[in-house]
Amino acid sequence: MDLPIELGVAELATTRFAISPLSETVACLQQLAGRDRQAVTLPWLRWAQDELARTPLELPWTWPLLVSDRPNWPEFLVPAPRDTGPSIEDDLAALLRTTARQVRASLGRVFGDELPEAAAELADRPAAGLRTIAAELRTAHDRLVAPHWPRIRAVLDADVAHRARVLAAGGSAKLFDGLHPALRWRDGRLLLTDGRRTDRVVNRGPGGLVLIPVVLGSADVLVKGNTSTQTTIRYPARGCGALWTAGTRPPPGGTVRLLGRARAGLLEALRSPATTTDLARALAVTPSAVSQHLRVLRENGLVTRERSGRQVVYLITALGASLLSS
């Protein structure tokens, strides 16, 4: 069934991209719970399970809201970011701005009139409950996302830069048609093919959409039916499939003979987007050495770079990928 998301000219003009550390945190908790689990996140999942086996993560307020027998979870847990690339502190500050009325309304939409214990306690004490939830989510972020954040952020930045180029070259129709197979732009409307729900509607929030790429989340597009902020569309980031395997295999012998071991290893690492600093840390070489090798690889069309804000992210080209697969 096609779920329409109505957008006027003004809303379309203010639709934007954003990166959200809190979105990654909530997504990774749902991966741990087995919700919409992706095969590409299994290396991260194994790492996270080992990490939590050593020191369990206590989330008595947050976990029952995210993991229940209901198809949805309270939308205020991932508010729309105000900026393009906020910090986890910015995201949590937005969560804490949720009003008591918005908290209770969201809980009612998810759980109905008979709230489970954790939701009922939050409804009774919204301000105090949100502070506790924010602290739990901050701990979950620091334990499960922050150790990998530079690499995750590089993938997200590269995705946003790519989408910006698509939008500039082909407009909104080309952007939405290429964002995910379930999304398409037809006759002035954004349509989402949602085979799991036939009764959904999107009560769009004020302003344009906020498009959020996600690395640790579902392979599906997730659209908020109701929102306390702006309506968000969370979609799998381009290139997230190679994030956990890039640089873990030795480059082919032919590539090593052609480029030398250092440049071939660098090319292998760039199966997933990365910054110069990330590459220097991963390969245990100096940033200046990485920059020199990157310049040679770029001059020969094997590597390109994307600028997203103040970040410069490098990624492999089709020619570079074909060289590694030959």
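Modeller: A salt bridge here is a side-chain nitrogen of Lys or Arg within 4 Å of a carboxyl oxygen of Asp or Glu. This is a predicted model, in which local features need pLDDT of at least 70 and side-chain atom pairs count only at pLDDT 80 or more, while totals for chains, interfaces and linings use all residues. Residues are numbered from 1 along each chain as its sequence is written, and side-chain values use heavy atoms, with hydrogens and water left out.

Start with Glu306 and Arg165. Their side chains form a salt bridge, with 2.2 Å from N to O. The pair links distant parts of the chain: Glu306 sits in strand S8 (residues 303-308), Arg165 in helix H9 (residues 149-179), and 141 residues separate them. Helices (H or I, at least four residues) and strands (E, at least two) are DSSP runs, numbered from the N terminus. Glu306 has 8% relative accessibility, so it counts as buried. Arg165, at 45%, is partly exposed. The cut-offs: buried is under 20% relative accessible area, exposed is over 50%, and partly exposed is in between (1.4 Å probe, protein chains only).

Next comes Glu75 with Arg109. The closest N and O atoms of this salt bridge are 3.6 Å apart. Glu75 belongs to the loop between helix H4 (63-66) and helix H5 (88-96), Arg109 to helix H6 (residues 100-111); they are 34 residues apart, and the pair links distant parts of the chain. Glu75 is buried, at 7% relative accessibility. Arg109 is partly exposed, at 43%.

Now Arg189 and Glu6. Their side chains meet in a salt bridge at 3.3 Å, N to O. Arg189 lies in strand S4 (residues 189-193) and Glu6 in the loop between strand S1 (2-5) and helix H1 (9-13), so the pair ties together parts 183 residues apart in sequence. Arg189 is partly exposed, with 34% relative accessibility. Glu6 is partly exposed too, with a relative accessible area of 44%.

Why do such pairs form? Side chains of opposite charge can pair when their charged atoms come close.

There is also a network. Salt bridges link Glu51, Arg54 and Arg143. The structure holds 16 salt bridges, counted in total. Among them are Glu306 with Arg165, Glu75 with Arg109, and Arg189 with Glu6.
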